[in-house]
Amino acid sequence: MSYSAIQIWGIIGALAIGTFLIRFSFLGLIGNRDMPPIVLRLLRYTPVAVLPGLVAPLVLWPAATGGQPDAVRLIAAAVALAVGLWTKQVIWAILAGFGALYTGLAVAQLL
């Protein structure tokens, strides 16, 4: 199915308006009020929930391998998880996973 330029811009405009309204409902309408403690507590976990949601598909169904899981990516994810649990620091977990992935890919390419 092919869309015309006007249809594409209409879709972009509708999505922009929808995104604005969703954000405005939280920031514009209740942004000047204090949030309940439970909401503030739950918002602290948002980044921790988003990061695995972004990374998991790249580990389990990587496009680089045609959607098939491979040992290098699974090991890198395990290293990142282990370092994250050990250090309790996200940046060290990311760097460890990055290092394990690229070391593993380099070793796999040599074999």
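Let's start with Asp 70 and Arg 73, whose side chains meet in a salt bridge, 2.9 Å from N to O. By salt bridge I mean a side-chain nitrogen of Lys or Arg within 4 Å of a carboxyl oxygen of Asp or Glu. The structure holds 1 salt bridge, and both Asp 70 and Arg 73 are buried. Buried here is under 20% relative accessible area, exposed is over 50%, and partly exposed is in between, with a 1.4 Å probe and protein chains only.

A quick word on the source: this is a predicted model, where local features need pLDDT of at least 70 and side-chain atom pairs count only at pLDDT 80 or more, while totals for chains, interfaces and linings use all residues. Residues are numbered from 1 along each chain as its sequence is written, and side-chain values use heavy atoms, leaving out hydrogens and water.

Now the overall picture. The protein has 5 helices and 0 strands; helices (H or I, at least four residues) and strands (E, at least two) are DSSP runs, numbered from the N terminus. With a radius of gyration of 21 Å, well over the 13 Å that the globule rule gives for 111 residues, the protein is more spread out than a compact globule. That radius is taken over C-alpha atoms, and the rule is 2.2 Å times the number of residues to the power 0.38. Along the principal axes, the C-alpha atoms fill a box of roughly 55 × 50 × 15 Å. Of the 111 residues, 10% count as buried.

On to the aromatics. How many aromatic pairs does a search of the whole structure find? There are 2. In one of them, the rings of Phe 20 and Phe 24 have centres 5.7 Å apart and planes at 15°, so the pair is stacked. Rings of Phe, Tyr and Trp (its six-membered ring) pair if their centres lie within 6.5 Å; planes under 30 degrees apart are stacked, over 60 edge-to-face, and the rest tilted. Both Phe 20 and Phe 24 lie in helix H1 (residues 5-30), 4 residues apart, about one turn of the helix. Is Phe 20 buried or exposed? Phe 20 counts as exposed, because its relative accessibility is 51%, while Phe 24, at 37%, counts as partly exposed.

Finally, please look at Lys 88, in the loop between helix H4 (71-87) and helix H5 (90-110). Its phi is near 60°, a positive value in a residue other than glycine. Lys 88 has 63% relative accessibility, so it counts as exposed.
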